[in-house]
Amino acid sequence: MSYIDGFVLPVPENKLEAYRVMAQAAGEVWMEHGALAYKECVGEDLHSEFTNGSFPRIAGAHEGETVIFAFIIFQSREHRDEVNAKVHQDPRMQCGDMKDLPFDCNRMNYGGFTTLVDL
């Protein structure tokens, strides 16, 4: 079964294009180093009548921010660890000054997930 790294983070709406450019470049690096898929998704329908929570609340989004739901698919946990080690050593992934990023890294949520159902 595949292994997934998942991310949920708030992004200011006025920085969404800058985030897209950054995410596109990062995704290309992950794919070059062996990820099976890389997805960055922007919230569109975030308030469901069928749940007690919402992605904006979970992500801690403020007024003027939207939510990014992102995931990277790998063959296995071992494959994820190998790919991520290469990605983190890749000079294209060096952020420089964290203040220049189009989002607040401290508000990003991340986790690794084993696949339970894969249709």
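Predicted model: local features only at pLDDT ≥ 70, side-chain atom pairs only at ≥ 80, totals over all residues.
Which residues have the most contacts inside the largest nonpolar core? Residues are numbered from 1 along each chain as its sequence is written, and side-chain values use heavy atoms, with hydrogens and water left out.

**View 1. The largest nonpolar core.** Leu-9, Tyr-19, Trp-30, Ile-72 and Phe-74 have the most contacts inside this core, which has 19 residues. A nonpolar core is here a set of buried Ala, Val, Leu, Ile, Met, Phe, Trp, Tyr and Cys residues joined through side-chain atoms within 4.5 Å, where buried means under 20% relative accessible area, exposed over 50% and partly exposed in between, with a 1.4 Å probe and protein chains only. Two or more residues come from each of strand S1 (3-12), helix H1, strand S3 (65-74) and helix H3 (77-89), and H1 supplies the largest share, five residues. Helices (H or I, at least four residues) and strands (E, at least two) are DSSP runs numbered from the N terminus.

**View 2. Leu-9 and its surroundings.** Leaving aside neighbours within four places in sequence, Leu-9 is in contact (heavy atoms within 4.5 Å) with Tyr-19, Ala-59, Thr-66, Val-67, Ile-68, Phe-103, Arg-107 and Met-108.

**View 3. The aromatic pair of Tyr-19 and Phe-103.** A search of the whole structure finds five aromatic pairs; rings of Phe, Tyr and Trp (its six-membered ring) pair if their centres lie within 6.5 Å, and planes under 30 degrees apart count as stacked, over 60 as edge-to-face and the rest as tilted. Tyr-19 and Phe-103 form an edge-to-face pair, with 5.6 Å centre to centre and 80 degrees between the planes. Because Tyr-19 lies in helix H1 and Phe-103 in the loop between H3 and S4, the pair ties together parts that are 84 residues apart in sequence. Both Tyr-19 and Phe-103 are buried. Elsewhere, Phe-55, Phe-69 and Phe-71 form one aromatic cluster.

**View 4. Trp-30 in helix H1.** Trp-30 has its place in helix H1 and is buried, with a relative accessible area of 11%. Leaving aside neighbours within four places in sequence, Trp-30 is in contact with Ala-35, Tyr-38, Ile-72, Phe-74, Val-83, Asn-84, Val-87, His-88 and Met-93. From Trp-30 to Gly-112, 82 residues apart in sequence, the C-alpha to C-alpha distance is 15 Å.

**View 5. His-79 in helix H3.** His-79 lies in helix H3 and counts as buried at 12% relative accessibility. Leaving aside neighbours within four places in sequence, its contacts include Gly-34 and Phe-74. His-79 and Ala-35, 44 residues apart in sequence, are 8.4 Å apart in space, C-alpha to C-alpha.

**View 6. The second largest pocket.** This pocket has a volume of about 200 Å³. On a 1 Å grid over the protein atoms alone, a pocket is an open set of points with protein on both sides within 12 Å along at least five of seven lines, a cavity is a set where a 1.4 Å probe fits but cannot get out, and lining residues have an atom within 4 Å of a point. Grid points are joined across faces, edges and corners, and a volume is the space filled by probe spheres set on the points. Helix H1 (16-32) and strand S2 (37-42) are the elements that give two or more residues to the lining, with H1 giving the most, seven residues. Among the lining residues are Leu-16, Tyr-19, Arg-20, Tyr-38, Glu-40 and Ile-68. The lining divides into seven nonpolar, two polar and three charged residues, where Ala, Val, Leu, Ile, Met, Phe, Trp, Tyr, Cys and Pro count as nonpolar, Asp, Glu, Lys and Arg as charged, and the others, Gly among them, as polar.

View 7. Leaving aside neighbours within four places in sequence, Asn-109 is in contact with Gly-6, Phe-7, Val-8, Ile-58 and Ala-59.
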